[in-house]
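Trainee: Could you show me how to read pockets and a helix in a model like this one?

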Amino acid sequence: MYSGVFPAIITPFLEDMSLDEEGLKRNVLHLCQTGIAGIVPCGTTGEAATLTIAEHKRVIEITVENSSVPVIAGTGSNNTREAVELTCHAAEAGADAALLITPYYNRPNDRGMFEHFKTVAEKCNIPMVLYNVPKRTGIDLKPELVAKLSRIKNIVAVKEASGSLSQLSQIIEQTRESDFSVLSGDDDLTLPSIALGAQGVISVVANVAPRKTVAMVNAMLKGDLEKARSLHYELAPLVRAMFLETNPIPVKSAQKYLGLAGGPLRLPLAEMSPDKESILKGVLESLGERA
């Protein structure tokens, strides 16, 4: 299950900032027809930080109800009790796994982080994917701690988004004897991450160019480096464009441009600047991307 391309999907909103439930359904159904391995709602790209608990649960429910591929539901929090509530709900809703970010802002020590994830794993009957993104959270999930956590039965994978291939390599090295998967969390590092032994990517770009992303990852997993490298460089301008501003600002703009459900961003995120949006549209046009 933990191999291939997993788009981290946006949460579309209506103009009054309420959930666009029909739009979310359409987006999920669209992506499920593109060869993806699974789908990830309520992550960073899904503006989870601005969703209420009720909205968070509803997004997971809608995704599960409409997805024909495995669902890895974002359920992390810097509040352990809240993470337990969201993760257990995801299990009850039928999600196939849960994605749990490190406890941001609190910045616990390694013992606190271990106990946080261990508590959620013990209280919720669902496979768990750790999520390390220190540039957002202010805390780094070190390889040694990942290896220790990988020995907990239902902690099955990590989304590694530190931006460090050295760190990703060390995680793979220290978990090679375990039934544990490593997924890239950085679109620009997907190819070299798989070369080191990662099994795939939880991707922002796959919202916009899912088929090309799937083709690149599948080629790399099959050992066809020449094809994978060609697709890597074909996608490179789009990867850069997706991060011209803070994620998910560009990807939401791209979704709307392609005719998919996007809608406004919730504050404190604001719309993409016109000059950068022009660059993004130019890249989309050059790639010939259509919904």
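This is a predicted model: local features need pLDDT of at least 70, side-chain atom pairs count only at pLDDT 80 or more; totals for chains, interfaces and linings use all residues.

Trainee: What is the volume of the largest pocket?

Mentor: Rolling a probe the size of a water molecule over the atoms shows where empty space is left. A pocket here is an open set of points on a 1 Å grid over the protein atoms alone, where a 1.4 Å probe fits, with protein on both sides within 12 Å along at least five of seven lines. A volume is the space filled by probe spheres set on the points, which are joined across faces, edges and corners. For the largest pocket that comes to about 600 Å³.

Trainee: Which residues lie nearest the centre of the largest pocket?

Mentor: They are Gly-43, Thr-44, Glu-47, Ala-48 and Ala-49, out of 28 lining residues (those with an atom within 4 Å of a point). Two or more lining residues come from each of α2 (53-66), α3 (80-93), β3 (97-101) and α5 (134-137); helices (H or I, at least four residues) and strands (E, at least two) are DSSP runs, numbered from the N terminus.

Trainee: And which residues lie nearest the centre of the second largest pocket?

Mentor: Lys-135, Gly-185, Asp-186, Phe-243 and Asn-247 do, among 22 lining residues. This pocket holds about 320 Å³ of space.

Trainee: Which residues of α12 are buried?

Mentor: An α-helix has 3.6 residues a turn, so residues three or four places apart point the same way. In α12, Leu-280, Val-283, Leu-284 and Leu-287 are buried (under 20% relative accessible area with a 1.4 Å probe, protein chains only; exposed is over 50%, partly exposed in between). They cover an arc of only 100° around the axis, so they sit on the same side of α12; the arc is that of the directions from the helix axis to the C-beta atoms. Pro-274, Asp-275 and Ser-286 are exposed on the other side of α12.

Trainee: What do the buried residues of α12 pack against?

Mentor: Their partners are α9 (210-221), α10 and α11 (249-257), with contact meaning heavy atoms within 4.5 Å.

Trainee: Is Lys-222 buried or exposed?

Mentor: Lys-222 counts as exposed because its relative accessibility is 73%. You will find Lys-222 in the loop between α9 and α10.

Notes. Residues are numbered from 1 along each chain as its sequence is written. Side-chain values use heavy atoms; hydrogens and water are left out.
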